[in-house]
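Reader: Hello! Could you walk me through this model, starting with how its helices and strands are defined?

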Amino acid sequence: MKKFIKCTAVCLGLVAMGACEKTLELPNQNNYTFDTYFTTDAALNQAVIATYSPLLHVGMWAREYYFIFDLLGWDAKPDAPLQGDLLGLAQMNFEPSHFYLSEQWKTLYRIVYRTNVAVDRASAWQPANSAEKLHKAQYLGEAKFMRAYAYFNLVNNWGRVPLHTSYEETTQNQFPSRAPVSEIWAFIEQDLKDAEASLPLEYPSEWLGRATRGAAVALLGKAYLYQKKWAEAQAELVKLTQTPFSYTLAANYNDLFTQTNQSNPETIFQVMNKKWEEGDRDDYFEDAQERGAFGMGTHTARAQEYGWNDWANVFVTDAVVKAFTYPDPATNAPGYVDPRA
């Protein structure tokens with residue numbers, strides 16, 4: 001009898017311990033997960049904003065994007081100090097593992113991954129009111145625009161590339177085969193058509209820089225243009241000259257390159273960057289000589305590379321200079337200099 005009682009007590013003790021263990025295995029309410037975080041308007045807004053930030057990552061618009069294509073397109077010729085990976089671009093003797101090209105590849109797929117997250121979570125979100133319904137359409141449109149932008153660059157720069165069309169595919173298929181170019185273009189076109197249908201014409205001033213309906217129209221037209229679909233490109237791009245759009249050429253071409261061009265009527269989509277302020281640390285602009293008053297840069301980072309009083313890493317090529325001099329379109333007189341020169 002004593003043995004039976006002891007055995008029962010031990011068994012009950014083990015059962016109690018097991019129950020306690022289950023009770024103690026509570027989910028950490030402070031630990032965000034894919035399923036629990038992106039469930040509100042604010043969280044989805046953050047997810048979409050995160051798709052824009054890689055535009056300033058290495059290989060992209062902070063510096064390397066125009067450096068790569070200015071050099072490869074012979075718009076720029078190297079100054080003597082240019083060396084390393086940048087000199088390899090100028091001499092066109094780089095390997096597939098070239099640092100800046102590899103970084104651009106990784107950054108573009110970083111955009112793809114983030115946009116797939118945003119599309120997946122926004123699609124699953126159940127808005128609580130009419131304002132949130134509009135935001136849901138906007139978030140999906142922005143994410144699809146950015147995904148199309150990433151693949152537009154990937155297909156033009158590398159041709160056949162892996163095509164991640166969803167979050168599940170991105171996470172589960174780590175070694176996808178390269179998709180046919182035609183399939184990639186079709187995916188870009190559909191994303192931009194969806195974006196055009198759901199993006200707003202404009203945003204409040206605090207959201208300046210986000211993709212608009214006009215941006216989707218412009219990129220779709222450009223996608224058609226790059227595929228030599230002339231009729232489709234013309235039909236799409238002509239929309240930008242008609243109602244409800246109000247784009248127009250800037251009265252002064254130089255206004256496109258000033259700090260006040262944020263609201264220029266010629267601007268359709270631009271990569272935004274925070275203005276350098278006193279006390280900030282920005283290594284790229286740290287050595288600029290032509291800052292202007294109050295420590296603010298008075299020109300673009302691209303101009304800093306060309307600036308004779310700045311870094312002077314590159315010069316404009318003679319071929320580009322000559323390309324901007326031609327007979328006057330109005331009078332056919334020789335020696336006309338294009339104002340874009």
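Author: Happy to! Helices are DSSP runs of H or I with at least four residues, strands are runs of E with at least two, and both are numbered from the N terminus. Please keep in mind that this is a predicted model.

Reader: Which element gives the most to the largest nonpolar core?

Author: That core has 49 residues, and F145, Y151 and I188 have the most contacts inside it. The elements giving two or more residues to this core are α3 (41-52), α6 (99-124), α7 (130-158), α9 and α10 (213-226). With twelve residues, the one that gives the most is α7.

Reader: How many residues are in the other core?

Author: Another core lies apart from the largest one. Among its members are F67, A76, L82 and V314, and its size is eleven residues.

Reader: Is D191 buried or exposed?

Author: D191 is found in helix α9, residues 181-198. The cut-off for buried is under 20% relative accessible area. Because the relative accessible area of D191 is 3%, D191 is buried.

Reader: Which residues does D191 touch, not counting those up to four places away in sequence?

Author: Contact here means heavy atoms within 4.5 Å. With residues up to four places away in sequence left out, D191 touches K144, R147 and A148.

Note on methods: Residues are numbered from 1 along each chain as its sequence is written. This is a predicted model: local features need pLDDT of at least 70, side-chain atom pairs count only at pLDDT 80 or more; totals for chains, interfaces and linings use all residues. Side-chain values use heavy atoms; hydrogens and water are left out. Buried means under 20% relative accessible area, exposed over 50%, partly exposed in between (1.4 Å probe, protein chains only). A nonpolar core is a set of buried Ala, Val, Leu, Ile, Met, Phe, Trp, Tyr and Cys residues joined through side-chain atoms within 4.5 Å.
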